[in-house]
Amino acid sequence: MGNPMKIRASVKDGVTEVKVLMQHEMETGLRKDADGKLVPAWHITEVKAQHNGKTVLEGQFGTAVSKNPYLVFRFKGGAPGEKISVNWVDNKGDTRSDEAEIS
Amino acid sequence: MINLERRKALKAGGGLGLLGLFAAIGLIRPGMAAVETKLFAFDAKSMNEALDALGVIIPQSSEAIHLTVPEIAENGAVVPVTVLSSLANTEQIHILVEKNPNVLAANFTFPEGTESFVTTRVKMKETSMVIALVKADGKFYRIAKEVKVTAGGCGG
């Protein structure tokens, strides 16, 4: 179970803008620790955002996405009080889902 | 194993059209190709490998894609990237960093109703071209911009 995401969603002129800040190390697998050993890759591989059960964005991440990945996207529709959910899966099979209300 | 052999074959053949050919003769099952192609694209070490893995055949340069990146990134670990495509029927946006150890940084798929716009942050090892590759109406388009990195974002 990963750490919680911060999700902000607001609707303006019929378009909802969603900002997501995930908490994840996003280890590349290329970095060495203090003993000179490679730190194994550990990163989010898939992200999915849904609004009212409909997928509004799907993403796949490689190792080059920054630590604590940040994402902004926009979709048509959405109303204040409706829910946005975001889910991610990492390469170790860990997963995290969070929800936020559109304001 | 199939993937490895396919990669070799792609290299040998310069990548042009071989993927389609393999699919046609049944070496790759259609359903499987879509998922596996993308995942191993993240292991690609060079632009050509990444384009092959994504099944891209010579993307056209397009002014209809807006790529916003800093000219100079003081911290290569956090480089903001925004891609906005005004191409009709944009289906996917891929973000690639040419000189990173793994070239492909992220893929995004846009269902109907979602604007073809995305902002995220990527790591950059050194000064490099950042490429936005957009799939619209089944065709690939791209735009590239250079980002100068003063401190790399990979390694300790």
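**Close-ups of a two-chain predicted model**

In strand S7 of chain B, B:Thr120 is the bridge partner of A:Leu71. This is a predicted model, in which local features need pLDDT of at least 70, side-chain atom pairs count only at pLDDT 80 or more, and totals for chains, interfaces and linings use all residues. Residues are numbered from 1 along each chain as its sequence is written, chains are lettered from A and ligands numbered from 1 in the order in which they are written, and side-chain values use heavy atoms, with hydrogens and water left out.

**View 1. Strand S5 of chain A pairs with strand S7 of chain B.** S7(B) covers residues 117-122, and the pairing is antiparallel over two bridges. Strands here are DSSP runs of E with at least two residues, numbered from the N terminus, and two of them pair if DSSP finds at least two bridges between them.

**View 2. Six strands from both chains make an open sheet.** Read across, the order is S1(A)-S2(A)-S5(A)-S7(B)-S4(B)-S2(B), and the pairing is antiparallel. Strand S1 (6-12) of chain A and strand S2 (65-68) of chain B stand at the edges with a single partner strand each, so one side of each has no neighbour in the sheet. From one strand to the next, the twist averages 15° (angles run from 0 to 180 degrees between N-to-C directions, using axes that are lines fitted to C-alpha atoms).

**View 3. Here is the chain B end of that sheet, where S2(B) pairs with S4(B).** Strand S4 of chain B takes in residues 79-85, and the two strands run antiparallel over four bridges. Look for B:Thr68, whose bridge partner in S4(B) is B:Thr82.

**View 4. Chain A meets chain B.** Here 28 residues of chain A are in contact with 30 residues of chain B (contact means heavy atoms within 4.5 Å). Between them the chains bury about 2,400 Å², 54% of it on carbon and sulfur atoms; buried area is the accessible area (1.4 Å probe) that two parts lose on being put together, summed over both. A:Gln60, A:Ala64 and A:Arg74 supply 26% of the area that chain A buries against chain B, more than any other three residues. Strands S2 (15-21), S4 (54-61) and S5 (70-76) of chain A each give at least two residues to the side that touches chain B, and S4(A) brings the largest share, eight residues.

**View 5. A salt bridge joins A:Glu17 and A:Arg74.** Their side chains meet at 2.9 Å, N to O; a salt bridge is a side-chain nitrogen of Lys or Arg within 4 Å of a carboxyl oxygen of Asp or Glu. A:Glu17 sits in strand S2 of chain A and A:Arg74 in strand S5 of chain A, so the pair ties together parts 57 residues apart in sequence. The structure holds seven salt bridges over all chains, but the count between chain A and chain B is zero.
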